Amino acid sequence: MSAPATSAPPAPAEAADEADLRVVPTRHPWRWVVAIAALVLVAQFVHGLVVNPGWDWATFAQYFTAPSILAALWTTIELTLWGTVLGFGLGVLLAVARLSNNPVLQVISWTYVWAFRSIPLIVQLLFWFNIAYLYQTLTLGIPFGPGFFEFNVTGVISGFTAAVVGLALHQAAYSAEIVRAGIISVDDGQIEAANALGIPRTRQFVKIVLPQAMRSILPNAANEVISLFKGTSIVSTMAIAELFYQVQVIFGRNGRVVPLLMVATVWYIVLTSILSVAQYYIERHYARGSARTLPLTPWQKVQAKYREIRDTSTGAPRGATR
């Protein structure tokens, strides 16, 4: 038998050619052109914010923390909190009814979602604000029978209450669809395993379905909360002293429209940023079971970078502890 063939060593000339080869990185000149153009535009915008007298930053600073603005901001936060809690609470019930085996509950839930998503929010708010026109009194008692307690509607449903009711009922329609989408995203095998173990349906929902559904619910729910926070400005049509209404009142008196609008804008940005940070950490909490190791938070990345720089400067091996 013949010996297996072996490849011959490269010739000296070929070896020299390979040694002369250089690895040249791919150049992307247009990336730098676009980046420089973007930086120039940003610099021009910032320069305009600083030097343009029309922004009137002195007036902005005067009213940014004014007591009337802070009181209106708190009203906006209250409307958001009540609308979120009541809206998502009712939305969960509507989603469960939509997914139940009871056809009556399914129809009621579907009809509610269809109706409240079809009617503009401002129409709903004005309807609840003028509910006393239709019903002067509210009676609690036996249906189609005698009443035990009677209330004057104008004394029970104030402007703020009407706004909360309108925002909550409107939010519930969208929350129901978000929660329903999260629930049906859970694998059916989880429910089948829980039924095989004899776990009660209420406990199945609270302990098994809802924690897994929250991963799908949270991003959309956070968007809805942020939209609700900014959408509270629409209650200014009801003369409720929330943030945007109060800003309108002030610039209606002094004529400083732009700086007062910037006051509202910056407060909306600040509160939206806080909600975004809260969303990040809540999503991280519910993602613990989906990944073996979670990515570092921004603060943890800063700490890790600081330790890396410190270890490099002191000559200690990376990851060493003292």
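Modeller: Helix axes here are lines fitted to C-alpha atoms over the stretch in contact, and angles run from 0 to 180 degrees between N-to-C directions. Helices are DSSP runs (H or I, at least four residues), numbered from the N terminus. The model is predicted: local features need pLDDT of at least 70, side-chain atom pairs need pLDDT 80 or more, and totals for chains, interfaces and linings use all residues. Residues count from 1 along each chain as its sequence is written, and side-chain values use heavy atoms, without hydrogens or water.

Biologist: Why are α11 and α12 called roughly antiparallel?

Modeller: Angles over 145 degrees count as roughly antiparallel. Helix α11 (residues 243–254) and helix α12 (residues 257–286) pack at about 165 degrees, with axes 9 Å apart. The pair is therefore roughly antiparallel.

Biologist: Which residues of α11 and α12 make the contact?

Modeller: Contact means heavy atoms within 4.5 Å. From α11 come Leu243, Phe244, Val247, Ile250, Phe251 and Asn254; from α12, Val257, Leu260, Leu261, Ala264, Trp267 and Tyr268.

Biologist: What does leucine 260 touch, leaving aside neighbours within four places in sequence?

Modeller: Its contacts are Thr59, Tyr63, Val247, Ile250, Phe251 and Asn254.

Biologist: What makes a set of residues a nonpolar core?

Modeller: Its members are buried Ala, Val, Leu, Ile, Met, Phe, Trp, Tyr and Cys residues, joined through side-chain atoms within 4.5 Å. Buried means under 20% relative accessible area (1.4 Å probe, protein chains only). The largest such core has 18 residues; Leu260 and Trp267 are among those with the most contacts inside it. α3 (57–64), α4 (67–99), α11 and α12 each supply at least two residues. α12 gives the most, seven.

Key. Parallel < 35°, antiparallel > 145°, perpendicular 65-115°, else oblique. Buried < 20%, exposed > 50% of the residue type's maximum accessible area, 1.4 Å probe, protein only.
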